[in-house]
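Please walk through this model with a focus on its open space, its nonpolar packing and its charged pairs.

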Amino acid sequence: GVQTCALPISNYDIVVTLIVMGGATLLVAGLCLAFSDVVLQSFLNLSANVTTPAVRSFYTACVLTNVFQMVSQVPSAVLDSRQKVYITNGVQLANGVVRQIAILCSLLIAPSLATVGWILLGSSITGMLLLGWFALRIWGNVSCPGLWRRFLPVASKHFAYGRSIYASVLMFFLYEPVTKVLISRYVGLTEVGYFDIALRIKSLLWSILERLLYPVMPLIAGKRDPADSRRIIEEVQHKLILIIVPVIVATAFLSKPVISVWLGKLLWPVVISVACIVICYLLTLLFVPLYQFLTVRGHPGKTFILQTVNVSVNVLLFAGLVPSFGYYGALAAYCAAVLSSTGLCAYYQWSILGSRPVSSRDWGGKVIKLALGLTILNGLGMFMIQDERLRIIALMILNIAGTVFLFRQLRLVSAGDVEQYAVGFDRLGSMLEKLLVRET
């Protein structure tokens, strides 16, 4: 662990952040619980006969769950700063699996909304305690003599740098719930269900892919030369493109058969919502390294601008499109907002670092060929196979085989790439090299 005398200010940072974040979160949670009727009936648009004791218990548990999840960000950040991202990922994965199993068992044995809420609360407490224990093991004892004398200077330092970050994070967390409230008020509750299904599928895919980028932030934070940050961002974006393009094409073609089989009938609003929202966020994923750079390299105000653009475009287009197009207007407003902030990220990357995700025409041409090849392959699969279940199986096989084939033919992956990203996994690296790398 790190001794107190070596990095005393770091210990103060940890404790002050924990106090400030915990206090602020408890204050907001207290207000949400004190004015629960206003939140449930006015903001969430639930009628009085719907707000049963079970609903209120679920609401209380969810509010408290968010408190522990926010506090757990502190030990998580400590672990990330020590390049122990795998511990955070492992705890979150294990905790998530146990949580889902517990929820499933409770629904099968004795379905209760209140029970689900308390399972969520217990899971968040467990996750916070585990992350805190690991953080203390890695960091060492946290000693802060004269804490209250230094509290205000340390808190002021954090506030001066972090107010834009905290504001942008707050807007990010409120963005989707506010959109749901708007849809429920001005479109309908059924459409909220359509929208929520798409968000859940997006969140699942996003959480898997975003974890791949967790190690990037500490790397960028450790670089003082902008040229080094630019090199890291460009390299990561090149690899992300190779993941994102096949997933985008697969999402566009698999949404219809998967939703049809899953829900038992074809609901076009759900299909279109899933395809549009997932594709938009996959494009946004490309700029997560740039967002991380803005956060840790002295541009936190720009992250706030990005979130402000997101919310502003969404609200303005919602007001303009929903009266004429209903739910599809709300969906278009949401997707346009996501794409507008993505475009602004591209502008920031060019204006600050002088770089682009697609660094050359040759590389861009290969990416277009990859997308076109997979699109044609999926189109043929959809045309030739009519049964939805067989379509899912066939398209998955075609996408995997087509991606491997096009990677080799277009020489999108080199032996050096495999060696760099498969360090310590020699057998896996050898297999990937045989599959993806075409011999010269």
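The second largest pocket holds about 1,800 Å³ of space. A pocket here is an open set of points on a 1 Å grid over the protein atoms alone, where a 1.4 Å probe fits, with protein on both sides within 12 Å along at least five of seven lines; lining residues have an atom within 4 Å of a point. The volume is the space filled by probe spheres set on the points, which are joined across faces, edges and corners. The lining of this pocket counts 49 residues, and Leu212, Lys239, Leu240, Leu242 and Ile243 are the closest to its centre.

This is a predicted model: local features need pLDDT of at least 70, side-chain atom pairs count only at pLDDT 80 or more, and totals for chains, interfaces and linings use all residues. Residues are numbered from 1 along each chain as its sequence is written, and side-chain values use heavy atoms, with hydrogens and water left out.

Which helix gives the largest share of the pocket lining? H10 does, with 17 residues. Helices are DSSP runs (H or I, at least four residues), numbered from the N terminus. Helices H8 (189-210), H11 (268-285) and H16 (388-410) are among those that each supply at least two lining residues. By class, the lining has 39 nonpolar, 5 polar and 5 charged residues. Ala, Val, Leu, Ile, Met, Phe, Trp, Tyr, Cys and Pro count as nonpolar, Asp, Glu, Lys and Arg as charged, and the others, Gly among them, as polar.

Now the packing. The largest nonpolar core has 73 residues. Such a core is a set of buried Ala, Val, Leu, Ile, Met, Phe, Trp, Tyr and Cys residues joined through side-chain atoms within 4.5 Å. Buried means under 20% relative accessible area, exposed over 50%, partly exposed in between (1.4 Å probe, protein chains only). H10 gives the largest share of this core, 14 residues. Leu285 is one of the residues with the most contacts inside the core.

Next, the charges. The whole structure has 8 salt bridges, each a side-chain nitrogen of Lys or Arg within 4 Å of a carboxyl oxygen of Asp or Glu. Glu176 pairs with Lys202, with the closest N and O atoms 2.6 Å apart. Glu176 lies in helix H7 and Lys202 in helix H8, 26 residues apart. Glu176 counts as buried at 17% relative accessibility, and Lys202 is buried at 8%.

Glu388 and Lys256 meet at 2.7 Å, N to O. This pair joins H16 to H10, 132 residues apart.
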